[in-house]
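User: I am new to this structure and would like a close look at one residue and the surroundings it belongs to. Could you walk me through it in a connected way?

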Amino acid sequence: MNENISTTPVAAAAPKPENNSIFRHARYVVAENPVTGLAFGLFILIALCALIGPYIVPHDPLASDTTATLHAPSLKHWFGTDQLGRDIFSRVVVATRLDFIIAIASVALVFALGGFAGIASGFFGGWTDRIVGRISDTIMAFPLFVLAMGIVAALGNTVTNIVIATAVVNFPLYVRVARAEANIRREAGFVQAARLSGNGDMRILLAHILPNIMPIMMVQISLTMGYAILNAAGLSFIGLGVRPPTPEWGIMVAEGAANIISGEWWIALFPGAALMIAVFCFNLLGDGLRDLVDPQRRT
Amino acid sequence: MLRMIAKRMVLIIPNLIGVVIVTFLLTRALPGDPAAYFAGPAADKQAIEQIRVKLGLDKPLIVQFGRYVNDLVHGDLGNSLSTGQPVVTEIKNRLPASAELTLFGLILSMVIAVPLGILAAVKQGSWIDHTCRVVATAGVSLPVFFTGLLLVYVFYFELGWSPAPLGRLDAFATAPAQITGFYLIDSVLTGKLETFRASLSQLLLPGFTLGIFSLAPIARMTRASMLAVLASEFVRTARASGLDNRTVIITYAFRNAMLPVITTLGMVFSFLLGANVLVEKVFAWPGIGSYAVEALITSDFAPVQGFVLTMAVLYVVLNLIIDILYGVIDPRVRLDG
């Protein structure tokens, strides 16, 4: 994310001073808080694991080996092996893709639904606002993880439904941000100019207001990615969604839970640590992005 | 004051209606045929039809909703398929275990997070401030079930300080006579210190697991609102009048800074009640969360729906209490209401 914002002005080069100042601001933010740079590096590592992980892992993540069960981490098995002798390192790396896909899909879904509903309710006000507001209030009346459990239980125990449930519980957050941002731009000069030039409401919403609130929405996306990963992993930890042989961080921690008491820590530790690093990375990235987009909201 | 409480009570009614509608939709209006499900895989068409009529599923949706609300009013949440027990009794029996754990976790995290946030604000930019930031970010990033397992490994397996993570009391101890349902309180009331110690030692690890999870929002909010209050004019006046630092921070700043923190508690409870389910699973805690998880695995719907409804109603009521508390602490809100 940082790079997108910071490299485009480089390509556009010096003539535009205001672009240059964005670049300088980005550099200032990163220099001020090197943690953001670290988070960006982690993000690239995770993205690489998701993209090419399955092709470079040393062992088949599903192949069990009864002669090598519950081995502690060694040179052959970097993260050790589980009850069935599967290589945990390979499983952790391969799982990145599935966890990533679940998080991205649910965030994309809620961005499309919540973002649009929020813009529309901020822009139109009136009944649209009331209906969208009531829906968000009803969702917020539940403890979020509990509602996600209920949704997956009712819709059926599949990965798609985990994506849907995660999107639904994040809906109010996106509505709130998009609504506030659209509301302050409702009567802005550029909106009135667009209306005078004969643009319809829908066109103004999508072509004029949406691009303007994108930076703030990107921050929101980055901040909720971490939560989406946690939520999905939590659901699969209690046995919802992903089915056992499939490598996924939440379910791998669940598989290792029983062995913690007898001291085989590596089965649960490595997938749990991967989960933690991924979430940590997205939270830091979101914070850094917010400093970049909206310096006043910094805490 | 009473008028404000009454007004707040009225405000939660639409929320409660929304909750009931959503839980109803989760049970009935979604894909899949509950009648076929209740009849079991061996049932023929006729048997399924009979069950459909018996359950009232042949009626229009609105009639079904009426029946559902009627059942709720009479305290009937259906029966569990696997145990045959009414869901209401089961939830009632298990609720104190969950409540004790959640409240204990909340108190632990308040005790740690509030002083941490205050110190971070007072000594802005110091190592305490940085620690606060790292702890806060790490706290939200840690999957709560993972923290729980780590604590079990370190304190049970490696150090042996903690008992096995298997429920509220170990197998040899007997539960105290039920008064409040909270083992810690009941054992003190009945004067059984041995039971108190045993249940406290079981409660510490899951309590800390929940506490670490909810540390982050409380610490962050305390720090932010302390910073805002410390920069305000009345604090400057207090300092200019020569009051010592301690009085300024505790009497003047802290009391005003607590208001936004109390508002954050609503969000913290949303986290806590959800995380509670995962912690209960890790520590085999006999609360309503683990009840719901067991039911989920066997696709037993009634307990899950009952659980979701109970949690939502609890959460709405907790938010109401927070609102009222806010009014008690801040007279300005009371006057507006």
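Analyst: Happy to! Let's start at Ala292(B): apart from its neighbours within four places in sequence, Ala292(B) is in contact with Met149(A), Val277(B), Pro303(B), Val304(B) and Phe307(B). Contact here says that the C-beta atoms of two residues, placed from the backbone, lie within 7 Å. A word on reading these names: chains are lettered from A and ligands numbered from 1 in the order in which they are written, while residues are numbered from 1 along each chain as its sequence is written. This is a predicted model, where local features need pLDDT of at least 70 and side-chain atom pairs count only at pLDDT 80 or more, whereas totals for chains, interfaces and linings use all residues.

Ala292(B) also belongs to the largest nonpolar core, which has 159 residues; Ala292(B), Ala148(A), Ile229(A), Val253(A) and Leu149(B) touch the most other members. Such a core is a set of buried Ala, Val, Leu, Ile, Met, Phe, Trp, Tyr and Cys residues joined through C-beta atoms within 7 Å. A residue is buried if 20 or more other C-beta atoms, placed from the backbone, lie within 10 Å of its own, exposed if 12 or fewer, and partly exposed in between. The largest share of this core, 16 residues, comes from α11(A). From chain B, domain 1 (9-73) and domain 2 (92-288) each give the core at least three residues, with bounds taken from an automatic or database domain assignment.

Now to where the chains meet: 39 residues of chain A are in contact with 41 residues of chain B. On the chain A side, α5 (126-140), α6 (144-155), α9 (201-237), α10 (249-260) and α11 (266-293) each supply at least two residues. Here α6(A) gives the largest share, 10 residues. That side of chain A divides into 28 nonpolar, 10 polar and one charged; Ala, Val, Leu, Ile, Met, Phe, Trp, Tyr, Cys and Pro count as nonpolar, Asp, Glu, Lys and Arg as charged, and the others, Gly among them, as polar.

Stepping back, chain B has 14 helices and zero strands, and chain A has 11 helices and zero strands. Helices (H or I, at least four residues) and strands (E, at least two) are DSSP runs, numbered from the N terminus. Of the 337 residues of chain B, 39% count as buried; for the 299 residues in chain A, the share is 46%.
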